[in-house]
Amino acid sequence: MASFTNQAHLSYNGRSVASNVVTGQMLSPLTLTKTAVVDTYAPTDTVTYVITIVNCGATAYTDLTLTDDLGAYAAGGQTVYPLSYTPDSAVWFINGTRQADPTASGAPLVISGLSVPAGGNAVILYEAATTDAAPLAEGCEITNAVTLTGSGIGTPLTAQATVTVEAQANLRITKSLSPAVVAENGSLTYTFLIQNEGNLPAGADAAVVVTDTFDPILRDLTVTLNGEPLAVKTGYTYDQTTGAFATVAGQITVPAATFSQSTETGDWETVPGEAVLTVTGTVG
């Protein structure tokens, strides 16, 4: 809502007297709102935004432009964007009827050629993907604002939406063996690297379990977790007849990743938390 002030002056007999200052407010017939369909995000995620423009006036608005800053902020001596518009994702509706897709591009994102009929509404939807500049540590947020400008709009309208990074563990596992060539009755070691790229640790309550069926079957197992021995039954189970191996739920925990932002590019870098499980046995 825009405010305005003005003051009168009275002149007489070479003198001038000022009146009091009056203040008023100019109510725009347009309202602008912005919402995110889902209010959380994750790495390489896509966020869908809904922009609603309502015109309660008797005059239509045409040739309007919507600008989204995509959450821009300063880092590494430059402007970085934690969101990137997904090409060709913008669609819009007037009073519920889909229109020809608008022109949309850039960072900041500019969507042009919009209109809102008298007593009607326009709804614009588009997607934006998270980038390497999106912060991932627990509690971080992306707030991006849209601004509506155009003929007949004196003071630009603004609206914003905030999405919060998902608080979660994000695990992956890599398996390797040594040596790659082993003789019968020789010793073989499997190494399982478990990495957590999430911002929460995978604790005992996550019930992490590693299962495998060794072929060839191993005997006389030695099992360690982060260099510490695991005991059969309490730390793992193994069927030497079938080669079926499994850790006991809750034995493996994996710390959260750590995050740092490059002072040169503004990109966030992730160092995964890790746990290492090794299984050594005799072949055959």
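Let me begin with the terms: two strands pair if DSSP finds at least two bridges between them, and helices (H or I, at least four residues) and strands (E, at least two) are DSSP runs, numbered from the N terminus. What you see above is a predicted model, in which local features need pLDDT of at least 70 and side-chain atom pairs count only at pLDDT 80 or more, while totals for chains, interfaces and linings use all residues. Residues are numbered from 1 along each chain as its sequence is written, and side-chain values use heavy atoms, with hydrogens and water left out.

With that in place, strand 17 is joined by eight bridges to strand 18 (residues 187–196), and the two run antiparallel; within this pairing, Arg172 stands opposite Gln195. Both strands belong to an open sheet of five, ordered 17-18-26-20-21 with antiparallel pairing. Strand 17 (171–178) and strand 21 (228–229) each have a single partner strand, so one side of each is left without a neighbour in the sheet.

Turning to salt bridges, meaning a side-chain nitrogen of Lys or Arg within 4 Å of a carboxyl oxygen of Asp or Glu, the count comes to five. Among them, Arg172 meets Glu197 at 3.4 Å, N to O, and this pair links parts of the chain 25 residues apart, with Glu197 in the loop between strand 18 and strand 19 (211–213).
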